[in-house]
Amino acid sequence: MLGKVLKYDIKAIGRYLIPLYAVLLGLGIMIRILDFFEKVSVINIILGFMIAAFILLITFSFVLNGIFVIKLYLENLFKDEAYLTHTLPVKKNTLLISKVLTAMITLFLTFVVMMISLIIAFYYQGLMKDVIHILSQSFGGMEIYKVILYMAGYGLISYLTTILMVFAAIAIGYSKSSNKLGYSVIWAIIFYFGIEFLYLGLLGIVMSTNSSFITSLETNIFMMSDLLNFFTIFMIFTVLLGLGFYFISYKFINKRLNLE
Amino acid sequence: MVKVSYKNQFTYNFIMRGMNNLLLECKNVCKNYGRKEVLKDINLSLSKGKIIGLLGKNGSGKTTLIKAINGLLSIDNGQILIDGKEIGIETKKIISYLPERNYLNIHRKVKDIIDYFADFYEDFDKDKAYKLLADLDIRAEDKLATMSKGMREKVQLVLVMSRQAKLYILDEPMGGVDPATRDYILDTILSGFNNGATILMSTHLISDIERVLDEVVFIDNGKITRCESADKLRKSTGKSIDEVFREDFKC
């Protein structure tokens, strides 16, 4: 059943994502074409605007992706469509896992489309070499691929946990009889500040138990092992938070469903 | 005016239980919205192979009860059993539910929605769905977004009645449909369900459906006030069910 639910979830979110991808790729192509005529002043101005719009869209692509996933979750599990979704002979867990997988798959697709559109717009010979050079300078002396891998992993986990936090807030808010959206927003704010508080506490514990890390910070020389340990601790903590939010969402959808 | 007391209602339920023919049982079901009691200790037993009208005024608790039976809202107290099972995947396999609102994604084509139903419901009959659509002059290639409210309701009804379910729960199935089409829809409902299945239908259009009802359940202010055979009710009161309803629920 998971495959079937996932298929329809991807189709549903595709309605929003395909136009986004089309705009990203279209802008990339337009920038590449207009670049050939950059000496014409009018075209140069237009090119400037297009690059600004393109960068803005690239920056907000992941945010838009997240908004679309949350919209899918809300409409599919708590609005009118939920009357069909919750009467399907499908486990609640399957419905929820499908939404999480949809978030992961679309995040990957958005990343791929973003990279392709960036390459179309700005590629030149030796681009990769320059990128690696800049990154190596930023993380002086470190194994750059390892750091990128860790950062990508941490980014994915943080992204999913944030989405699960909103899922949990919506699940609680929509279990109420009235002011469902209002309660959802309140719970999202409570969760957000709760997480920030917990991260601060965790940072305090890490700092106080790992003196070498503090020394590294003071001397501005990051040790690779310290940085990766730091990432690992926060990654595990973020995964636990994500699991907690998943459990809350599941409990409320399974036991406290209260459709309008 | 003859009203069935709770004692009689329980006797009725007891007899039905004795027949070992029960499809739906609600035992002491309560539901509150905040401080407001919407369902008050509902006890109801419905047997197989019947067409039952769930009748009541606006806000009487009909839709809430139907939603509870479908697992769309959690009840605060009591138990609901369908074919002897608590609400879950197995009960959803045997219930075909038509809500009073549009629950389909309006951006989809009708044929895609048919595929969706066929994917999830083993008892869904695609051929029957296409035949019913053709009878109602609805094109499978059309998107729901291009259709009127009434047409969308017809599509929903076609989907629901194209399943070979044991229990059909129809919440206002003819609410937005023109009078000329109501008879066809009623015939579709009657011819569409297999013998042995039960239909629980909530509606305000009592006169339209009166002729087909085997039993009636009156609900008022979250309580069941009548639960008896339609024929017996007509005989004992000498009135149509529509007239009894108007008397019982007179403002």
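Predicted model: local features only at pLDDT ≥ 70, side-chain atom pairs only at ≥ 80, totals over all residues.
Helix 1 and helix 2 of chain A cross in a left-handed way. Two packed helices are described by the angle between their axes and the distance between the axes. For helix 1 of chain A and helix 2 of chain A (residues 41-77), the axes come within 9 Å and the crossing angle is roughly 165°. With an angle over 145 degrees counting as roughly antiparallel, helix 1 and helix 2 of chain A are therefore roughly antiparallel to each other. As for what sits in the contact between helix 1 and helix 2 of chain A, the tally is 23 nonpolar, 1 polar and 2 charged residues.

Helix 2 of chain A also packs against helix 6 of chain A, with axes that come within 11 Å and cross at roughly 30°. Here the crossing is right-handed. On the helix 2 side, the contact is made by Phe62(A), Gly66(A), Val69(A), Ile70(A), Tyr73(A) and Leu74(A). Helix 6 of chain A answers with Tyr159(A), Ile163(A), Val166(A), Phe167(A) and Ile170(A). Sorted by class, the contact between helix 2 and helix 6 of chain A holds 10 nonpolar residues, 1 polar residue and no charged ones.

Further along chain A, Lys176(A) sits in the loop that runs between helix 6 (144-173) and helix 7 (180-209). Lys176(A) has 17 other C-beta atoms within 10 Å, so it comes out as partly exposed. Setting aside neighbours within four places in sequence, Lys176(A) is in contact with Tyr183(A) and Asn258(A). Glu260(A) is 84 residues away from Lys176(A) along the chain, yet their C-alpha atoms are separated by 9.4 Å.

Turning to chain B, there are 10 helices and 10 strands. The radius of gyration of chain B is 18 Å, close to the 18 Å that the globule rule gives for 251 residues, so chain B is as compact as a globular protein of that length. Along the principal axes, the C-alpha atoms of chain B fill a box of roughly 55 × 40 × 35 Å. Of the 251 residues in chain B, 42% count as buried. Contacts in chain B also reach across the sequence: among those between residues at least 6 apart, 72% join residues at least 24 apart.

One spot in chain B gives a local view. Asn28(B) belongs to strand 1, which covers residues 22-33 of chain B. With 13 other C-beta atoms within 10 Å, Asn28(B) is partly exposed. Asp41(B) is 13 residues from Asn28(B) in sequence, and in space the two are 4.3 Å apart, C-alpha to C-alpha. Not counting residues up to four places away in sequence, Asn28(B) touches Asp41(B), Asn43(B), Asn77(B) and Gly78(B).

Finally, the two chains meet: 20 residues of chain A are in contact with 22 residues of chain B. On the chain A side, helix 1 (2-35) and helix 3 (82-85) each supply at least two of the touching residues. The largest share, 4 residues, comes from helix 1 of chain A, the helix that also crosses helix 2 of chain A. By class, the side of chain A that touches chain B divides into 8 nonpolar, 5 polar and 7 charged residues.

Methods: Residues numbered from 1 in each chain as written. Chains lettered and ligands numbered in written order. Buried ≥ 20, exposed ≤ 12 C-beta atoms within 10 Å, placed from the backbone. Contact = placed C-beta atoms within 7 Å. Nonpolar A, V, L, I, M, F, W, Y, C, P; charged D, E, K, R; others polar. Axes fitted to C-alpha atoms, helices over the stretch in contact; angles between N-to-C directions. Parallel < 35°, antiparallel > 145°, perpendicular 65-115°, else oblique. Left-handed = near helix turned anticlockwise from the far one by under 90°. Rg over C-alpha atoms; globule rule 2.2 N^0.38 Å.
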